[in-house]
Amino acid sequence: MIRILSRTRLLAVLTTGLAACSSAAPPPSGKVLRLALTDEPPQLNSTRATDQESGFLLGHLMEGLTRYGKNGEVIPGIAENWQIDDRGATFHLREGAFWADGRPVTARDFVFAWRLVVDPANASEYAFIMYPVRNAEAVNRGKLPPSALGVSAPDDHTLRVTFEQPCGYFLGLTAFPSFLPVREDFYARKKDRFAADAPDILSNGPFILTRWVHGAALTLEKNPRYWNAARIQLDRIEVPYITKDLGARYNLFSDGKVDTLGLPREQLDRAQADRLRMQIFPDGSVWYLAFNLRPGRPTANWHLRKAVQLVFDPREYVSRVVGIPGNRPGLSLIPYWVPGVKAPFRVEYPLAPVRPKLAEARRQLDLARKELGGRLPTLYWLADDSSSSARDAEYFQNLLRTRLGIDLRIDKQIFKQRLAKMRAGEFDIVAAGWGPDYADPMTFAELLASWNENNSGKYQNAEYDALIRRAQATAEPKVRMDAMAQAERIALADVAILPTYERTLVWAHQPRVQGIVRHVVGPDPDFTFVSIRE
Amino acid sequence: MLRYTLKRLGLGLLTVYFIATATFVAVHAVPGDPLSGAKALRPEIRANLERKYGLDRPLVAQYGVFLGNMLRGDFGISFTQQNRSVNDIIRDHFPVSATLGLLSLFFAASGGILFGSLSALLRGRFSDRTVMFLVILCISVPSFVLAALGQYLVLRLNHAAGASLLPVAGWGTLRHMLLPALVLGLGTLAFQTRLMRSSLLEVVNQDYVRTARAKGLSPVRIFFSHQLRNAILPAVTVLGVEIADITTGGFVVETVFAIPGLGRYFVQALQQFDYTVIMGLTVFYGTFLVLMVILVDLVYGLVDPRIKVAKEGP
């Protein structure tokens, strides 16, 4: 789910690896998968969860109306089938779905949870994801009571949803953690303790949480009451370690104590020497430079931005700076994997890459210099304190100095202060990234709308906004995709952002583990298809 | 003695109050806040969150609430671990840090006294020089290097043995604690060794030691009742600060060995600007440190009868 887009997120959840080298300890008996988590899950209350770790765990403990299949397609979950049109949707819930305590999962459990998500008193950060549902925004703003939300349960096995406006990607949303069910009586009994500890969580998914030692360990056991329990081959998922330390996670993998390992760039050499069988996972995120377009900033000048674009070669950047095999050179705001009308969006709406042209870049720079009053100002690059951020900044500092004679100063801040300065507009250039919430171009296209809080450069283009509004007002795929493709071309012509790369992560797993599925959207990694080779 | 203790406790309370206030001012003075994340919040969602956490109220009112709650021992709910109160975090994780800290302190104190004494008694010889070289090494090498190195050595050892002799990381049994406690305590051990050596060197040739020797006491008796007891005072002095330091300062070691201690939460809270956790843990640590310093001052009197704490000047 929500990506914490820090460059240092290295397979947050995964510590995996393949030991071709001899593992010290024999693997445990039984069908057990062992993991090391990077962080303690901050929040297992699905109506308030926002982070990757929690999304991963909820994806294994819970099941929504739908979930993601092996190839990232939306497959039936608690809902057996559904009808969706421009005005709303009707979901038919399966009869055989039960909570872990044996009571049936009903449509009312969804109604209760969804109202909670938009209830202002619950203060859910992801309340906006529910905004396609009628009145969700008004409820979240406190203008209507939660009961006004456009969702109802005519009977135990029918869930009726009305839309605020047609929503072309609603089905995918129903697999998102915010849309998971919560049973009212259980929630009321737990009050503030809901989801705080293992006994305070009621599962309806493939696994149940049987142990949660904060900061140290979690145990997930197969849920025999899950409607599709026959599909789940694992008996247990053990999380015996929680640590941010990359070296420790590598050592645990190498010692045969955990089954998966995420590999950052710094460990690729060691992994190669240890002959780990590495795998790559394009995680669906897009990285780009955001130019500050607020009036008065030098980067508000189009010629200056164009000049920067014309000296930048994403191919060289990917091979020399990102340095991890499988990363794609940045081309656009909407990455290559996003589905379009029938084929991938990028196939239906191809873009020609911008190649570096030094002479043209210098011509643009001269124009910029004239418009900026005869001399080139110093530019400020906002960076955080990670090593990858420094690498980025130094690469561009060198590039702009040698090719254009632009002086780029690096303003290095700790993560939170970088965010504060970014939101306050105290920068000229900042490197940013975005991970998708759902598999539709809109999750990226809306980023540059003038009303979007994550539009850090404050790009404003009435035409762009109008096209996004048009795409949001209909569920007709062709109309939506056309509008978003046109909007994208406008933003790229404006050089509102400079796409740098589309990220790929490297990871490994022990050979005894088969069938780990990685998801670009939805809980990742997905261990519900895993089998253990004895 | 009682009056002195009460006076010290009163002053300690004042110190804690200043720590709390300074922390409150500091966390609110730096740019950024606990609600900002990688994804920016919509204004209405931010407003809901601010209302929930009371951040929409004026700073003075927030300070009042903070002090009031603190007096009741309630530090509030964590911003990042949204289902847990700061008290939950302290209750769950301080015992872990304390266990690790006490074990490493045991290593440090016993090792420090042993090696310091050996080194002083054998001063100038090869073993003295070796010990002093190792001491300098252990003081200079930061714990994150020692931790990573120690872990890697255990991994190699396990590979070579083809079995798990020692766990690479994790927490739960004494076997899990040995390596991290050693790593955490090594710096303190080295420091104590040096302290012990130099203060022992000061007393070895004192008149009363010569007298004891002339009386025909056994070297063992001389060492324990005349030399060690007189030389140990500086080591006890720093012990108070070290207890607090070592039971709370194991952040790196806790991270490397995946130990659910309090240090990790503290550092994480600072990175996340988790106001309630930062303030709660600072006050908790502050109180702990103040108490340890008072405790050590009281222990002086027991170790060295010449120091009469109760009769200290104004």
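How much area do chain A and chain B bury between them? In this predicted model, the two chains bury about 4,300 Å² between them, and 50% of that area lies on carbon and sulfur atoms.

**First stop: the interface between the chains**

Select the residues of each chain that touch the other. Chain A contributes 60 residues to the contact, and chain B contributes 50 residues. Next, highlight A:Glu125, A:Lys416 and A:Glu453. Together they supply 15% of the area that chain A buries against chain B, more than any other three residues.

**Second stop: a salt bridge across the interface**

Three salt bridges are counted between chain A and chain B. To view a salt bridge in detail, select A:Glu40 and B:Arg84, whose closest N and O atoms are 3.8 Å apart.

Now move to chain B and select helix α7 (residues 174–203) together with helix α9 (residues 219–231). Their axes come within 8 Å and cross at roughly 120°. The two helices, α7(B) and α9(B), are therefore oblique to each other. Viewed as a crossing, the passage of α7(B) over α9(B) is right-handed.

Finally, display the side chains where these helices meet. On α7(B), select B:Met196, B:Ser199, B:Leu200 and B:Val203; on α9(B), select B:Phe223, B:Gln227, B:Leu228, B:Asn230 and B:Ala231. Coloured by class, this contact of α7(B) with α9(B) shows six nonpolar residues, three polar residues and no charged residues.

Notes: Residues are numbered from 1 along each chain as its sequence is written. Chains are lettered from A and ligands numbered from 1 in the order in which they are written. This is a predicted model: local features need pLDDT of at least 70, side-chain atom pairs count only at pLDDT 80 or more; totals for chains, interfaces and linings use all residues. Side-chain values use heavy atoms; hydrogens and water are left out. Axes are lines fitted to C-alpha atoms, for helices over the stretch in contact, and angles run from 0 to 180 degrees between N-to-C directions. Helices (H or I, at least four residues) and strands (E, at least two) are DSSP runs, numbered from the N terminus. Angles under 35 degrees count as roughly parallel, over 145 as roughly antiparallel, 65 to 115 as roughly perpendicular and the rest as oblique. A crossing is left-handed if the near helix is turned anticlockwise from the far one by less than a right angle, and right-handed if clockwise. Contact means heavy atoms within 4.5 Å. Ala, Val, Leu, Ile, Met, Phe, Trp, Tyr, Cys and Pro count as nonpolar, Asp, Glu, Lys and Arg as charged, and the others, Gly among them, as polar. Buried area is the accessible area (1.4 Å probe) that two parts lose on being put together, summed over both. A salt bridge is a side-chain nitrogen of Lys or Arg within 4 Å of a carboxyl oxygen of Asp or Glu.
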